[in-house]
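Thanks for coming, everyone. Let me put the structure on the screen, and then we can walk through it piece by piece.

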Amino acid sequence: MKLSVLDQGIISKGNSAIDTLNNSIELAKFADELGYHRIWYSEHHSSEGLACTAPEILVAHIASVTKNIRVGTGGVMLMHYSPYKVAEVFNMLSTLNLNRIDIGIGRAPGGDYASMVALAQGKNPEMHNLYSKISETLMYMSNTHSNKNTFAGPIGSPLPEAWMLGSSGNSAVQAGKLGLGYSYAHFIGSTLEEAVFDDYRRSFIPSEFVQKPQINIGYSVVASETKDEAEFEAASLDLMFLNIVKGISGSLLSPEEALSYSYSEMDKMRIKDNRNRMLVGSSKEIADILRSNEEKYGIDEAMIVGVNYSMEAKLRTYKLLAKELL
């Protein structure tokens, strides 16, 4: 099974954005040494708890300090940007880092309405034409756009792998028709449905970016040597997901602080429901679940979102899973 990383740049309480991004660099080097297949960076705006606002910049840096791991976005939020400029950026990245760059494209805003308006220079955000913008970006990258007077240089280098992000299954068919890989966010959508992945495979048309259907699943994972240790660490993630549901932003709290939080009965119900979006347990238990999903859904790549308060615990999650599965 291929193991990959999605790094959301989550800021732990007591850490700065500088600390968090330095940790991202350390994690990338660590994952590269362990044999992880790819590492992606998410895009979030006007967030107190998330450090990465420009994943394409982090991609450029990470690619320069790693050797083998593929590096990309998970994703670039295309609604905010010119397809032509995005095509230039990723063609440039791919030229500098041959056969190692991915462009994962997201259709969500990655921030609140105020940040959406700011990114649109005070205008109403464009949300109605996202699939056509994706198609236009791909055409510029592959130099097949109808606008023959303009090309997205540099050209002549291998194209990046192109992926579409999804969390509900609605984008699976579109990803297939465009010849993209499909990355399903279990940590957002929670439910895995065979029909969604079958629809993607049936609709897939090979492209210059992806020659055969590719699917990865993004999991929020807290793994440790024992289930009890993992449950302790997962208290931070439980509270983070609860706060997201309640519209509360902020940094990730320690397990001790999360466990001392005063939870209402409604909070406890929400935490229990949110556990459907998480994998928590010993590394062996998590590995067994990933292998079972590989067999059931025909998916051979798991993208791990390790959410731990401490960097030590986060690195342990990735190391233990690599030991079990790589």
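How many bridges join strand E2 to strand E3, and do they run parallel or antiparallel? Four bridges join them, and the two strands run parallel. Keep in mind that this is a predicted model.

Stay with that pair. E2 covers residues 38-41 and E3 covers residues 70-73. Ile 39 has Val 71 in E3 as its bridge partner. Now look at how E3 faces. Arg 70 and Gly 72 point one way. Val 71 and Thr 73 point the other way. All of them are buried. In a regular strand, side chains alternate between the two faces of the sheet.

Gly 74 and Gly 75 are joined by a cis peptide bond, with omega about 5°. Gly 75 sits in the loop between E3 and strand E4.

There is another cis bond to point out. It joins Gly 153 and Pro 154, with omega about -5°. Pro 154 is in the loop between helix H5 and strand E6. That loop also holds Asn 143. Asn 143 has a positive phi of about 60°, though it is not a glycine. Its relative accessible area is 40%, so Asn 143 is partly exposed.

Gln 121 also has a positive phi, near 55°. Find Gln 121 in the loop between helix H4 and H5. Is Gln 121 buried or exposed? Exposed, because its relative accessible area is 70%, and the cut-off is over 50%. As background, most residues other than glycine have a negative phi, and most peptide bonds are trans.

Next, the inside. The largest nonpolar core has 63 residues. Which of them touch the most other members? Those are Tyr 36, Tyr 41, Phe 197 and Leu 290. Helix H13, residues 311-325, gives the most to this core, with six residues. Take Tyr 36. Beyond its sequence neighbours within four places, Tyr 36 is in contact with residues including Leu 3, Val 5, Ile 69, Tyr 318 and Leu 326.

A second, separate core has 19 residues, among them Ile 10, Val 222, Phe 241 and Val 280. In general, nonpolar side chains tend to be buried together in soluble globular proteins.

Turn to strand E9, residues 278-282. Five of its five residues are buried. Five bridges join E9 to strand E8, and these strands run parallel. Ser 224 stands opposite Ser 282 in E9.

Now a helix pair. H9, residues 227-245, packs against H11, residues 265-274. The angle is about 110°, and the axes are 9 Å apart. H9 and H11 are therefore roughly perpendicular. From H9, the contact uses Asp 238, Phe 241, Leu 242 and Val 245. From H11, it uses Asp 267, Arg 270, Ile 271 and Asn 274. By class, that makes four nonpolar, one polar and three charged residues.

Asp 32 is in helix H1. Why does Asp 32 count as buried? Because its relative accessibility is 13%, and buried means under 20%. Asp 32 and Ile 69 are 37 residues apart in sequence, yet 5.3 Å apart in space, C-alpha to C-alpha. Beyond neighbours within four places, Asp 32 is in contact with Thr 66, Lys 67, Asn 68 and Ile 69.

Last, Ala 172, in helix H6. Ala 172 is buried, with a relative accessible area of 0%. Leaving out residues up to four places away, Ala 172 touches Tyr 182, Val 196, Tyr 200 and Ser 203.

Methods. Residues are numbered from 1 along each chain as its sequence is written. This is a predicted model: local features need pLDDT of at least 70, side-chain atom pairs count only at pLDDT 80 or more; totals for chains, interfaces and linings use all residues. Side-chain values use heavy atoms; hydrogens and water are left out. Buried means under 20% relative accessible area, exposed over 50%, partly exposed in between (1.4 Å probe, protein chains only). Two strands pair if DSSP finds at least two bridges between them. A nonpolar core is a set of buried Ala, Val, Leu, Ile, Met, Phe, Trp, Tyr and Cys residues joined through side-chain atoms within 4.5 Å. Contact means heavy atoms within 4.5 Å. Axes are lines fitted to C-alpha atoms, for helices over the stretch in contact, and angles run from 0 to 180 degrees between N-to-C directions. Angles under 35 degrees count as roughly parallel, over 145 as roughly antiparallel, 65 to 115 as roughly perpendicular and the rest as oblique. Ala, Val, Leu, Ile, Met, Phe, Trp, Tyr, Cys and Pro count as nonpolar, Asp, Glu, Lys and Arg as charged, and the others, Gly among them, as polar.
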